[in-house]
Amino acid sequence: MCGRFTLRAGPDEVAEVLPGLQVGAWPGPRYNIAPSQPVPTVLNENPQVLTWTRWGLIPAWAKDPQIGNRLINARAETLLEKPSFRGPLLRRRCLIVADGFYEWPKKAEGKPRTPVYFRLKGHHPFVFAGLWDRWQDPGGEVLTTCTIITTEANELVAVVHDRMPVILRPEWVERWLAPDVRDPETLMEALKPYPAEAMEAYPVSRLVNDPRVDSPECIRPVASPGRMGSGIRPSL
């Protein structure tokens, strides 16, 4: 799954990944973006503009907006089986801008879990594959929300967790937003694990566990627990 991520990069760096994007107001670096918070998103209905949508998909037909708390992620393998995701996959796709994400290993009895921070080598921004929808409450307020698609973990992430967010390869960034790309089999080609050799990881402070903490301390390296693989170690 993907439950937290970062965007430390500034608008100029994001523009290098998404040329021509209109960024607008920028909140500054984020070290611990959590569900229910606004996330930087490019919607396929307006792919030239960066918008901020709420993380946690609320389908347009939902009666209770609390469903968004359960729909922060969407499994790539079952998108076409779930009413919440089937329509958005074909018509409402988005990019979610990030430059790193956290995963937690399964809890060992009697031991606290140490989060691990994953990013691309070179530390530049990237985009997650996402879906979005628009929900209106009884009072008429409209809320745009999103979810991050996940897939099976690559060899690096699998040391910690069996799932990882879909990081789109460069050749898929524009195609993911293209309105004429609606064939499910074609879309599934984008939803594969990102190459492990292009990524790096290291254990970080458990401050990340608290979504109220959003500071550089969240990505501070700590000593690697012995059960983690050799590819996951303290880094700068």
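**A strand residue and its surroundings**

Tutor: Thr 147 sits in strand β10, which covers residues 142-152; helices (H or I, at least four residues) and strands (E, at least two) are DSSP runs, numbered from the N terminus. The model is a predicted one, in which local features need pLDDT of at least 70 and side-chain atom pairs count only at pLDDT 80 or more, whereas totals for chains, interfaces and linings use all residues. Residues are numbered from 1 along each chain as its sequence is written, and side-chain values use heavy atoms, with hydrogens and water left out.

With a relative accessible area of 0%, Thr 147 is buried, where buried means under 20% relative accessible area, exposed over 50% and partly exposed in between, for a 1.4 Å probe and protein chains only. Its side chain has a polar atom 3.0 Å from the backbone oxygen of Leu 71. Leu 71 is also among the residues that Thr 147 touches once those up to four places away in sequence are set aside, the others being Leu 57, Ile 72, Asn 73, Ala 74, Phe 85, Ile 96, Ala 129, Gly 130 and Leu 131; contact here means heavy atoms within 4.5 Å.

Phe 85, one of these partners, leads on to helix α2 (residues 83-91), where Ser 84, Phe 85, Gly 87, Pro 88 and Leu 89 are buried. The buried residues of α2 pack against strand β10 itself, and also against β5 (73-75), β6 (93-98), β9 (126-136), α3 (170-177) and α4 (184-188).

Tyr 102 belongs to strand β7 (residues 100-103) and counts as buried at 0% relative accessibility. The side chain of Tyr 102 reaches the backbone oxygen of Tyr 31 at 2.7 Å, and Tyr 31 is in turn one of its contacts, which, leaving aside neighbours within four places in sequence, also include Arg 4, Phe 5, Thr 6, Asn 32, Val 116, Tyr 117, Val 204, Val 208, Cys 218 and Ile 219. Pro 35, by comparison, is 67 residues from Tyr 102 along the chain, and their C-alpha atoms are separated by 13 Å.

Most residues other than glycine have a negative phi. Ser 36, in the loop between β2 (30-33) and β3 (38-43), has a positive phi near 80° and counts as partly exposed at 41% relative accessibility. His 123, in the loop between β8 (116-120) and β9, likewise has a positive phi, of about 65°, and is partly exposed with a relative accessible area of 33%.

Turning to the whole, the chain has four helices and twelve strands, and buried residues make up 52% of its 236 residues. Among contacts between residues at least 6 apart in sequence, 69% join residues at least 24 apart. Along its principal axes the C-alpha trace spans about 50 × 35 × 35 Å.

Methods:
A polar contact is a pair of N or O atoms within 3.5 Å; within protein, one must be able to donate a hydrogen and the other to accept it, and residues adjacent in sequence count only if both atoms are side-chain atoms.
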